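This briefing goes from the chain as a whole to a few of its residues. Please keep the structure in view while reading.

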Amino acid sequence: ATTLVICVLLESIGLKLGFFFVATESSPPFLDILAYCSYIFVSVIVNLAIGMVFSSLIYHICTVVTALMIGIFFVRSIRDIVLVHGDLANKGRQIFLVVIVASQILI
């Protein structure tokens, strides 16, 4: 449990630093970022329940699907903060969003 808390804290600190380096006009408070990062536990519970009922192949497919869904949820939640008023010309901010999705899938 301690390792899990440390991982969530490190992810939250990394995201807060990402908001700083991307230079967004408004960065969400740290507790909001911590709450967003904690949504990964929802997918962990779903994956464990699927793993107990079904075979290993279905468990791994469910893990990939839920990781993608959590990544998409996270990006949709913070897209308005990172990309202000449809600022699609800023490549650094777009790369930041892609890195967020990749980190959610890998974690």
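Two residues are in contact here when heavy atoms of theirs lie within 4.5 Å. With that cut-off, and leaving aside neighbours within four places in sequence, threonine 66 is in contact with Ser43, Val46 and Asn47. The model is predicted.

**The chain as a whole**

- The chain contains 5 helices and 0 strands, and from the N terminus on its elements run α-α-α-α-α.
- Along the principal axes, the C-alpha atoms fill a box of roughly 45 × 30 × 15 Å.
- The chain has 107 residues, and 28% of them count as buried.
- Among contacts with a separation of 6 or more, 55% come from residues 24 or more positions apart.

**The largest nonpolar core**

- In soluble globular proteins, nonpolar side chains tend to be buried together.
- The largest nonpolar core in this chain has 15 residues, and those that touch the most other members are Leu15, Phe19, Ile78, Val82, Phe96, Leu97 and Ile100.
- Helices α1 (2-22), α2 (30-38), α4 and α5 (91-106) each supply at least two residues of this core.
- Helix α4 gives the most to the core, with 5 residues.
- Isoleucine 78 is in contact with Phe19, Tyr36, Leu97 and Ile100, leaving aside its neighbours within four places in sequence.

**Threonine 66**

- Threonine 66 is found in helix α4, which covers residues 56-82.
- Is threonine 66 buried or exposed? Threonine 66 counts as buried because its relative accessibility is 8%, and the cut-off for buried is under 20%.
- A polar atom of the threonine 66 side chain lies 3.1 Å from the backbone oxygen of threonine 63.

**Asparagine 47**

- Asparagine 47 has its place in helix α3, residues 40-53.
- With a relative accessible area of 8%, asparagine 47 is buried.
- Which residues does asparagine 47 touch, not counting those up to four places away in sequence? They are Tyr59, Cys62, Thr63 and Thr66.
- The side chains of asparagine 47 and threonine 66 are joined by a polar contact of 3.1 Å.

Conventions:
Residues numbered from 1 in each chain as written. Predicted model: local features only at pLDDT ≥ 70, side-chain atom pairs only at ≥ 80, totals over all residues. Heavy atoms only, no water. Helix = DSSP H or I, 4+ residues; strand = E, 2+ residues; numbered from the N terminus. Buried < 20%, exposed > 50% of the residue type's maximum accessible area, 1.4 Å probe, protein only. Polar contact = N/O pair within 3.5 Å; in protein donor to acceptor, adjacent residues only side chain to side chain. Core = buried A, V, L, I, M, F, W, Y, C linked by side-chain atoms within 4.5 Å.
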